[in-house]
Every structure is written in structure tokens, then in C-alpha cells.
Amino acid sequence: MRRLLSLIVPVFNEQEVLRHSYERMSEVMRQLDYDYEIIYVNDGSRDDTMRQLRAIASEDDRVRVRSFSRNFGHQLAVTAGMDIARGDALIIIDADLQDPPEVIEALVKAWNEGADIAYGKRAKREGETFMKKFTAFCYYRLLTAMSAYPIPLDTGDFRLIDRKVADVFLKMREHNRFLRGMSAWMGFNAVPVEYVRHERYAGKTKYTLKKMLKLAFDGITGFSYKPLSIATWLGGITCAVAALGLVALIVLACTCGVPPWLWAVAGVVLMQGVTMLLMGVQGAYMNRMYDELKGRPLYVIGEDINVSVEKE
């Protein structure tokens, strides 16, 4: 029996690119010597995406569709695809064709050679502004420095994972998910596959600045406790500054008559700023714990197409 590959494609308002994306992905999957299924997860699209998915699924019985009742986010859309995937290996790719489907062959080759995880590593990013490239460069290096586990630089969610890796993912049901960090935490044999990231084929990016910042924050707070240790460092620095300020206050008060209350005000403002900063960091961790304690499902299904309940 030939092994099965599951291609997981999260989509959100992708009507301009969806049909062309499906054709390119299907062509690549047909050329591989494997059975395959394509799992689309509609993340609450408000355009013509779902109608197109219904049409594609009616034409191709290898296409399975899970549609959310509303937008739950990219990471949960990928998780929903994993929940119903039946493959011996799962491949995660976005529909916008920035990650070329043709690279899938190289990911599968790395898997056949023993990799548990084969992840796409961006050697070059086409069609992106200098600011986007610069912020991405800074973020990945900040995340690597802050994380307790080594997260590869310049990578996204475009990757292949073995079934045993997927089974571990399915046991990890936290709500604020960062899949790259979760992969790093597992510690499986991960192999990079370099490729050139292309410009988006059509439409606009769905990763707004707000969503990118949330993902970045989830990556740091989900896999590093270092922000909590900021209190120790800032406390020490604040004490040192306060001690120097006290000495300066005494000197200035004895020589040039600078009003002492100015220094008192500056000290109070500094302490309040540090306190508010640390309360914000602690609040972020408490918010994550609150999300988990509520015990709500990760997502709500609005519609399934070609999805067998017995397989879940």
C-alpha cells in the first residue's frame, strides 16, 4: 500500500488565488509517487472562498474542507487540518503561493531520508518591502534569543511533519498556539530545505500588523519565561540609578541649589514606569493561563465537506 500525504491549506479571503493555487498544488501532488489528500480549512472567509471550495470539493474527492463558524486565526486553522488529516506525513502550506508548491518534492525527499520534520528555510524573500524584511530579520533573532528552545531562523509554518510528530501536536491543545515553537519544543529530527519565497500571486496579505504582533507575542510568551525575569534586572538597574540619583541630589542641593523635588518626581516616574511595564508582562502570562482554564474548544466548525466523522 502506498503511503498517504496530507496537504493542509488554511485559507482566509483567498478568492483571487484559490483556483490557481489548487491547480498548482494538485499538479505537484500528482507527480509524487504517493496517494494524497488536500485539506482546506476555511478560517471564516467573508468573500467567495467557501463557494469556490465547495466547487473544488465536488470536482475532486481527494479534497476535504473544514470551515469555521468565524475567523479563529491561522494557527488554529492549521490545527484543525491536523485534526482530520489521515496521512503518514502532513504538509502545511498557505494558499497565496508565496511558498512554492514545487518545493514540496524536496520536503518529501528529506522525509524519505529520515527527517521527522522538513521545514522550509527562506533563502530569499521576493516582493517584500525593506521594512517587512527588516522587522522579520529582527523578530526571528529576538525570538531565538528569548526562547528556551532553539527555533530556526527565517522559517514559517511551511513544512512537512511525520505522523508521529502530528500525533504529538494533537495532544497539545493550548489556545495561544505558535506551531514553530511547538515543533522546536518536541525535539524531533528537523531538517531545513532552502527555497526562495515568492511574491504573493494575487490578493492582499491577511497577516495584518496586529496579527503579526500577536503571533510574535505568542511565540515569545509561549516558549520563554525570560520576560518574567525582567523584573530582577530592572529592579537592580533601578536601585543603581536611584542610588546615583541620591548622591547627585545631595551634591546639587549643597552646591547650586537645584530644587530637590525635581529629582523626587523623576524617581517616582521612573519607578511607576518600571512597575507598569512588569505588570503588563505578568498580565500577559496570566491571560494565557485564563484562556486555558476556560476549557473552551479551540475552534467551532461551521461546515464540513468530504470529512468523515469516523476519521476524527
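A nonpolar core is a set of buried Ala, Val, Leu, Ile, Met, Phe, Trp, Tyr and Cys residues joined through side-chain atoms within 4.5 Å, where buried means under 20% relative accessible area, exposed over 50% and partly exposed in between (1.4 Å probe, protein chains only). This is a predicted model, so local features need pLDDT of at least 70 and side-chain atom pairs count only at pLDDT 80 or more, while totals for chains, interfaces and linings use all residues. Residues are numbered from 1 along each chain as its sequence is written, and side-chain values use heavy atoms, with hydrogens and water left out.

Let's start inside. The largest nonpolar core has 37 residues, and L5, L7, V9, Y40, I104 and V108 touch the most other members. Leaving aside residues up to four places away in sequence, L5 touches M29, L32, Y34 and W111, among others (contact means heavy atoms within 4.5 Å). Apart from that core lies another, of 26 residues, including I8 and L298.

Now for the charges. The structure holds 16 salt bridges, each a side-chain nitrogen of Lys or Arg within 4 Å of a carboxyl oxygen of Asp or Glu. One of them joins E37 and R64, with their closest N and O atoms 3.2 Å apart. E37 sits in strand β2 (residues 35-42) and R64 in strand β3 (residues 63-68), 27 residues apart; strands (E, at least two residues) and helices (H or I, at least four) are DSSP runs, numbered from the N terminus. E37 is buried at 2% relative accessible area, and R64 is buried at 1%.

R19 and E59 also pair up, at 3.0 Å from N to O. R19 belongs to helix α1 (residues 18-31) and E59 to helix α2 (residues 49-59), so this bridge ties together parts 40 residues apart in sequence. Here R19 is partly exposed, at 30%, and E59 is exposed, at 53%.
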